[in-house]
Amino acid sequence: MDGAEKIRVENLTKIFNTGRTSVVALENVNLTVEDGEFLCVVGPSGCGKTTMLRILAGLEKPTSGRVYIKARNAGKPPTAVVFQGDSIFPWMKVVENVEYGLRIRGIPLEERRAIALEYLKKMGLERFADLYPYQLSGGMKQRINVARAFASDPEILLMDEPFGALDEQNKLILQQELLRIWEGSYKTTVFITHSIDEALLLGDKILVMTAQPGRVKAMLEVKIERPRDIILIKSSPVFIELYREIWELLREEVMKARNMR
Amino acid sequence: MNAVQEKLNQTIKMEDLADDAENNSRQKKAFFLKTFSFLSPLFLLLLWEVMAALKLIDVRLFSSPSRIFETLIPLVSSGELLYHTLISTSRIVLGFVAGAVPGVILGLSMGLFPPVRALLMPLVAVTFPIPKLAIMPLILIVFGLGESSKIFTIAIGVFYLVLINTMAGVLNIDPIYIDVAKSFGASKIQFYTTVAFPGALPMIFAGLKLGMGTALLLIVAAELSAARAGVGWMIWRAYDMFDIERMFCALIVLAFLGFVFSYLLDLLEKIVIPWKKR
């Protein structure tokens, strides 16, 4: 971690116009993420977390304000996204899915296949390289999704509740695997989650957002050393202290969101 | 020690036997069901034959399996039936390809490009419901009495079904796949080849299968007018001559053609879409 700024979000506002009503999803959001930092974003449902991620990914345009992603290598794609739902292509074999980002960049077949197989190996999935997604379980599909994002070697990684749909055991295993892979790459990451646990296990910093419209409520630092061990962390005093702090912040916002309805 | 081992082996053997017995009964069940599905047509044929023999039905109108079989043998051995079958088959195949290829191309472009869709959709919506049989006289006037009028009749029927299904296939691709392609920075052409086309393939095949059904329907109608050969022509000729047995022989061929074509399309689908759960 060299401390250089990697992502800067300046006065970001996003308003969705649907017919006569307009919804302010994000209001004047400012934040920076340093190079090699893992930022987790938590907030009540509908606080614009996903909208912010989609703007960072270039899938949505801001109404006002700007986002900067500092590119170091011209050949790399700016972002790779791990979506929440089942987003690996059913018409491609596992290995073809993992190498998709590299294929889009025009990396020759032999080279990109080698990289894809390497990431499949890291995820313990190399045996499944030639299968089609319909032959795999939900947990395996989401692993491939993560492998696809890492293999494309982007400037920053964006993850939108990637493990939200998984059962507890699978979630734990995938969190562990993500930590292991990430701690070998230290790629700047923005990770959206509902779970305070997950945010504390994975993040260097945690951004707490307000209920709609989404604003920055607090930015906390998670001072837990890496490499991390998920089981040990959960009983550490830092974890318990931060958990309570974040919950206090979140509870206010969840209550506010409830009163609005 | 040895006794225990022996006992253990025995239990394992017994479990094996139990497994075998279960497998056996399952296989027997499958075999039974398979024979069962053969039995119903056989029973119908038998019933038909008996009713004809007992004069419960008028054989001049309904014939009987044995009479049809007697007519079928010389028709096959003389090569006459094969001749008509080949002529109809070539019309179906040419018409099918002539309808399916532009159907897929136009369907893809209407699905992918909103301006093309806006331009052509009203035309398609207005002309699609017209029964293809209703425009056959027009087709005859324009294309004449030769082969092209028959091929065109089939092509137009196949074209619409393939076009509409292909377009729907593109429009119904899950938006998350579009987001994935976009987020990795796919160009338009990369999006077409890696997402739009493969994503639409299952629907394209649904269109092709529907089109094949329509092609079989239209071949009979197309060969009604101004044809001198073909399975459809055989049916109409038999009608004129009141030759019920010949008519049934032609119907058997049509059923056979339908079976073969749908088998071939299924085979092609398995090769082209190996990723589909079956």
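Helices (DSSP runs of H or I with at least four residues) and strands (runs of E with at least two) are numbered from the N terminus, while pLDDT is the predictor's confidence in each residue, from 0 to 100. This is a predicted model, in which local features need pLDDT of at least 70 and side-chain atom pairs count only at pLDDT 80 or more, whereas totals for chains, interfaces and linings use all residues. Residues are numbered from 1 along each chain as its sequence is written, and chains are lettered from A and ligands numbered from 1 in the order in which they are written.

The model as a whole scores ipTM 0.90 and pTM 0.83. Chain B has a mean pLDDT of 90, with 92% of its residues at 70 or more; within chain B, confidence is highest in helix α4 (residues 80-112), at a mean of 96, and lowest in helix α1 (residues 2-53), at 74. A domain assignment, whose bounds come from an automatic or database source, divides chain B into domain 1 (2-57) and domain 2 (65-272), and the centres of these two domains of chain B, taken over C-alpha atoms, are 40 Å apart.
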